[in-house]
Amino acid sequence: MDRSSLVERPRRNRRTAALRDLVRETTLTPADLVQPLFVIDGTSDEPIESMPGCARLTPEGLLREAHAAWNAGVRAVALFPAIDDTLKDPRATESLNPEGLLPRVVRQLKRELPDLLVITDVAMDPYSSDGHDGIVENGEILNDPTLAVLADMAVVQAEAGADLVAPSDMMDGRVQAIRTRLDDAGHDQVGILAYTAKYASSYYGPFRDALDSAPKHGDKKTYQMDAGNVVEAIREARLDVAEGADIVMVKPAGPYLDVIAAVRAAVDLPVAAYQVSGEYAMVRAVAERGWMDGDALMLESLTGIKRAGASIILTYFATRAAELLG
Ligand code: PBG
């Protein structure tokens with residue numbers, strides 16, 4: 001009898017759906033996902049043109065979307081306020097107003113959905129008339145004077161009920177500054193999700209449309225990372241760990257899978273990744289044209305991000321993906 005000379009036949013493990021389920025190495029679950037939501041101080045939701053399916057939500061709309069996320073099995077939301085132009089100034093003063101839009105909606109969310117994790121963005125740009133993440137003086141983004149603003153902002157957010165504060169500014173030393181101020185204010189149980197390796201990326205375009213937060217002059221390359229670097233991401237991760245971060249994050253996600261893997265290998269903290277607005281927009285755009293299957297692309301892109309080493313994924317698809325995952 002003619003015997004096959006093949007000893008190994010990898011296809012045997014792919015023969016049926018049950019086998020494939022059995023041997024799958026990476027499985028997405030709704031609890032891995034964080035739903036970012038935009039909120040506006042208005043009376044009707046405003047669709048975001050470059051992010052089909054997303055809107056600047058009224059506080060009421062935000063509650064609706066938070067409930068939908070929770071009911072689908074998503075356990076966390078990340079909030080981004082769109083601030084009226086008249087409230088913006090060079091020092092982002094409105095970010096420290098305890099009665100401002102963000103603290104108000106955080107309190108409301110924690111009242112209505114106490115178990116839902118609320119993650120707040122610590123950054124000046126939504127509140128800054130310069131559209132930068134730090135204080136600008138003579139065209140320069142000042143590092144150390146910005147730290148005090150970020151630390152104060154984190155305390156306001158913690159006081160409102162945020163479970164995790166997420167500095168997205170990329171100033172040096174901000175995790176330590178925020179940790180110290182939070183502890184001094186009695187918030188030692190509020191965690192820090194650090195945007196550890198945040199790249200200067202074209203993929204943020206739709207987000208800046210959503211918040212009208214694009215820099216008024218210059219770009220963000222003196223603080224956000226250069227797309228060519230990965231060793232530097234390890235350095236940033238080492239610093240964030242030393243400064244007291246609870247979770248480290250890589251952003252964007254899809255074009256930076258090697259960075260996610262490298263950071264995963266370098267730290268003993270949970271690693272998050274942010275599938276950003278441009279990644280979302282690209283999937284939605286090709287799906288709208290009928291060029292590819294949007295839901296399939298969505299799940300494959302998220303699986304790839306998790307396989308690379310991120311156990312937490314911020315994605316505008318969170319609720320939709322969770323609904324499909326069941
Ligand atoms: C800024 C911030 C940005 C995003 C999150 N926080 C944009 C930027 O750095 O200009 C981008 C998120 C996305 O594109 O989905 N603090």
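**Ligand site and backbone**

Me: How far is a polar side-chain atom of S168 from a nitrogen atom of the ligand?
Reply: The distance is 2.7 Å, where a polar contact is a pair of N or O atoms within 3.5 Å. This is a predicted model, in which local features need pLDDT of at least 70 and side-chain atom pairs pLDDT 80 or more, while totals for chains, interfaces and linings use all residues. Residues are numbered from 1 along each chain as its sequence is written, and side-chain values use heavy atoms, without hydrogens or water.

Me: And which ligand atom does S277 face?
Reply: A polar side-chain atom of S277 lies 2.7 Å from an oxygen atom of the ligand.

Me: How much of the ligand does the protein cover?
Reply: On its own the ligand has 400 Å² of accessible area, and the protein covers 100% of that (Shrake-Rupley method, 1.4 Å probe).

Me: How many residues surround the ligand?
Reply: There are 16, and the closest are S168, R208, K251, S277 and Y316; a residue counts if one of its heavy atoms lies within 4 Å.

Me: What about K251 and the ligand?
Reply: A polar side-chain atom of K251 is 3.4 Å from a ligand nitrogen atom.

Me: Is the peptide bond from K251 to P252 cis or trans?
Reply: That bond is cis, with omega near -10 degrees. P252 belongs to the loop between β10 (247-251) and α8 (257-266); helices (H or I, at least four residues) and strands (E, at least two) are DSSP runs numbered from the N terminus.

Me: Changing topic, is phi of M170 positive or negative?
Reply: Phi of M170 is positive, near 70 degrees. M170 is in the loop between β8 (164-167) and α5 (174-184).

Notes:
A polar contact is a pair of N or O atoms within 3.5 Å; within protein, one must be able to donate a hydrogen and the other to accept it, and residues adjacent in sequence count only if both atoms are side-chain atoms.
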